[in-house]
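Please keep the sequence open as you go through them.

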Amino acid sequence: MECSLREWRMEDAGELARIISPGVLENLRDGIPFPYTQRDGEEFIASMLSADPRRVFAFAITAQGRLAGSITAFRQENIHCRTAELGYYLGEEWWGRGLASSAVAQACRRIFETSDILRIFAEPFARNAASCRVLEKAGFTLEGTLRKNAVKNGEILDMKLYALVREAEEMGTTEKGLKL
């Protein structure tokens, strides 16, 4: 099944509230309210629309003309300013259809084409085999396991570190002629 990425729209708030379920939240970081309301969706969408587009790369994932999920990359700071952390989710009804891998690949391609980002990384819970597979199918490389890296619902969890690096031929050169 095909999916598309587009800018968020305020009218997505109701559907966003519908797709945020306990199953979705189980594999996300804490801080997302549940039950998730339309007002929560409106606040999230407003924050994504007002974010600096050089720092936050936020997309709604759509399939069959409907909102299916969210994908966002956040530029890091200081010496990591050309690195972005990727996060994504799909509503449960969209799981297992290949949408997440497609969305990840599309988002990374756009970010590399429209910014100076060199590296995109993601840190799924090690137990989330489906998300690990999504990243692998989208071309990410497993760089390691972050042992005892998170506490979710009182459980101490390992996380996996995956990264996708812009290919050398896609990079520019500096004024000194060095490949970036």
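1. Followed along its sequence, the protein chain of this predicted model runs through its elements in the order β-α-α-α-β-β-β-α-β-α-β-β, which comes to 5 helices and 7 strands. The radius of gyration of the protein chain is 17 Å, close to the 16 Å that the globule rule gives for 180 residues, and the chain is therefore as compact as a globular protein of that length.

2. Along the principal axes, the C-alpha atoms of the protein chain occupy a box of roughly 55 × 35 × 35 Å. Of the contacts in the chain with a separation of 6 or more, 61% are between residues 24 or more positions apart, and buried residues account for 44% of the 180 residues.

3. The largest nonpolar core contains 32 residues, and among those with the most contacts inside it are I61, I71, L86 and F140. Elements that each supply at least two residues of this core include the strands β2 (56–63), β3 (66–75) and β4 (83–90), together with the helix α5 (129–137), while α4 gives the most to this core, with 8 residues.

4. If neighbours within four places in sequence are left aside, F140 is in contact with several residues, including L86, V104, C108, I120 and Y162. There is also a second, separate core of 18 residues, and I19, L28, Y36 and A58 are included in it.

How values were computed. Residues are numbered from 1 along each chain as its sequence is written. This is a predicted model: local features need pLDDT of at least 70, side-chain atom pairs count only at pLDDT 80 or more; totals for chains, interfaces and linings use all residues. Side-chain values use heavy atoms; hydrogens and water are left out. A nonpolar core is a set of buried Ala, Val, Leu, Ile, Met, Phe, Trp, Tyr and Cys residues joined through side-chain atoms within 4.5 Å. Buried means under 20% relative accessible area, exposed over 50%, partly exposed in between (1.4 Å probe, protein chains only). Helices (H or I, at least four residues) and strands (E, at least two) are DSSP runs, numbered from the N terminus. Contact means heavy atoms within 4.5 Å. The radius of gyration is taken over C-alpha atoms; the globule rule is 2.2 Å times the number of residues to the power 0.38.
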